[in-house]
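This briefing covers helix packing, aromatic pairs and backbone geometry. Please consult the sequence and the structure alongside the text.

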Amino acid sequence: MQYFKNGIIFKEKDNFFQAMGVENGKICWIGKDEEIAGIEAIDLEHSIVIPTFIDSHTHPTMVAKNIECTPCLPPLVNSIEDIIEALKKSPQNNGDENQWIEGYGYDEFVLKEKRAPTCKDLDKISKKQPILIWHSSYHIVVANSKAMALAGITKDTQDPKGGHIGRFENGEPDGVFYEPGATELIKNQQIPQTFEDVVRQLLKLGKKYDKLGISGVCDMWCFSGELDSLAIYEEAKKRGFNQKVGLYYAWSQIKKNGKKPIPARKEGDIAIAGIKLFVDGSIAGRTAFMKQNYLNSNDRGMKLIDEAELMEAVSYARNLKMQMAIHVMGDAAIQFLIDTLKDIKPWLEDTPSVRLEHASILSESQLKQMKEAKMSFGLAPQPIFLFAEYEAYRSNLAPELLKTAYGVKTDEKYVLTSLSSDAPATLWAEPENLYYTLQASVDRVSANHQDMNQEEALDIQKALAMLSLNGAKIARFKDIGKLDVGYEASFQVLDKDIFNMPANELGNVLPKEVYLKGKKVY
């Protein structure tokens, strides 16, 4: 057994202890220093010790791929001209007609021009090589003329189901593609990554996760086939990827494959947990489905699925005893889900059968409906969206709706609520760092110093629990997320007192040591 002493070890709200014993990767004893006097122990030197974080909604393979692509977001890029110059300098800009030039993270609300780039802008970089850049929400892409030509996009191309093609005044496509139905027209033209490419990128990201104190993640956009997500993560695990992973497979691909069953959840650190589907789009892109029009608009967004298809997904998930994770942002889309699912008997006992991902604009009356429903609901919101993209939300939403955005303190009163990053799908250079999510949740002040409704500010201890124990519960990870007997000995050792420091400095915290299953990994 390995002992640790002389720490300020957080167990649960207002409950701390000094020492613990670890055996076979689990905590088997907790207590006071005096109880192990004379026994050899690692000295924690009065450091704060907290559980490792569980990122219950993220996209690790996308984050990992971005390591090799060009960031197009602040503070590095602040205008369309900056985007053009950054992509010109990309190592991918090498004259090879088969090599895509790819960027990520632009947002028109923070660009000097206050508009999205178009194909004409990207053509200034290259007309020979295909180019695409992802919006910070990852619900929109911009492509150059070469990329559109590869996809066969012309003036006569109609909007696909579940998507929209942007156009100039003369009707020609302007290079902007909205929502998966349209973005995949471009994305599907790219040369697929190899199995080895993805594993190699994940291993780099795993080391970063170790450094950030992250012990578990939910990959919310997984696929079968040549690049099967389960096989990729299992191979990465063999080579040293330390994190637990819950895999959520894309409903769109499941349908395309004839709804063939995928394996039920497997025991172990890499497990298939559920399916993922979309009901609407994003607030920043004005495609989230709302009860009232967006500001200065006659548009209420997009509803991407009907009741019949939703019930198909319910039947599939129920038969395989898997979670349903549903992307939903707008209040009208949330109400559609509640009305359709509230009277259905849950099929999972240990966790919510239905996860609402983001649940950005959610009223207290809707929360009450979820609590009183027969169905078991859980929430995985991301306050970092509002923190990083405040201007987009303020420009798109009426003030009374803006006040309700990501009200996680109210959410937690009614249903199981975790905190997560949705990295890389937000306007922040390092969204996978959950200390920024911690800051956004406790401080409730945006990156541009705007009040994000202080009434929804979380107590630091509650926020930690939502980033660890609640994340584990909603992700179906067992015996992790809390520092107590019987739980996994996965914890962070800090050199700052996060319980007594200014909330607006929490994003600057990093662990000085990280242990996973009792083993120091950083």
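**Helix packing, aromatic pairs and backbone geometry**

The model is predicted, so local features need pLDDT of at least 70 and side-chain atom pairs count only at pLDDT 80 or more, whereas totals for chains, interfaces and linings use all residues. Residues are numbered from 1 along each chain as its sequence is written, and side-chain values use heavy atoms, without hydrogens and water.

**Helices α6 and α7**

- Helix α6 spans residues 195-212 and helix α7 residues 229-238; their axes lie 9 Å apart at an angle of about 50°.
- Axes are lines fitted to C-alpha atoms, for helices over the stretch in contact, and angles run from 0 to 180 degrees between N-to-C directions.
- Helices (H or I, at least four residues) and strands (E, at least two) are DSSP runs numbered from the N terminus.
- On the α6 side F195, V198, V199, L202 and L203 make the contact, and on the α7 side A231, I232, Y233, E235 and A236, where contact means heavy atoms within 4.5 Å.
- Nine of these contact residues are nonpolar, none is polar and one is charged; Ala, Val, Leu, Ile, Met, Phe, Trp, Tyr, Cys and Pro count as nonpolar, Asp, Glu, Lys and Arg as charged, and the others, Gly among them, as polar.

**Helices α10 and α11**

- The axes of α10 and helix α11 (residues 364-372) come within 11 Å and cross at roughly 20°.
- Helix α10 is therefore roughly parallel to α11, and their crossing is left-handed.
- D331, I334, Q335, I338 and D339 of α10 meet Q366, Q369 and M370 of α11.
- By class, the contact of α10 with α11 holds three nonpolar, three polar and two charged residues.
- I338, in helix α10 (residues 331-341), is buried at a relative accessible area of 0%; buried means under 20%, exposed over 50% and partly exposed in between (1.4 Å probe, protein chains only).
- The C-alpha atoms of I338 and A373 are separated by 8.3 Å, with the two residues 35 apart along the chain.

**Aromatic pairs**

- There are 17 aromatic pairs, counted for rings of Phe, Tyr and Trp (its six-membered ring) with centres within 6.5 Å; planes under 30 degrees apart are stacked, over 60 edge-to-face and the rest tilted.
- W221 and F223 form an edge-to-face pair, with ring centres 5.4 Å apart and planes at 85°.
- W221 is buried at 16% relative accessibility, whereas F223 is partly exposed at 27%.
- F387 and W428 are also edge-to-face, with centres 5.1 Å apart and planes at 65°.
- This pair links distant parts of the chain, 41 residues apart: F387 is in helix α12 (residues 383-388) and W428 in the loop between β21 (416-417) and α16 (434-443).
- Ring pairs join F4, F491 and Y515 into a cluster.

**Backbone geometry**

- Most residues other than glycine have a negative phi, and most peptide bonds are trans.
- The peptide bond from A423 to P424 is cis, with omega near 5°, and P424 is in the loop between β21 and α16.
- Y138 has a positive phi of about 60° and is buried at 12% relative accessibility.
- A359 has a positive phi near 40° and lies in the loop between β19 (354-358) and α11.

Key:
Angles under 35 degrees count as roughly parallel, over 145 as roughly antiparallel, 65 to 115 as roughly perpendicular and the rest as oblique. A crossing is left-handed if the near helix is turned anticlockwise from the far one by less than a right angle, and right-handed if clockwise.
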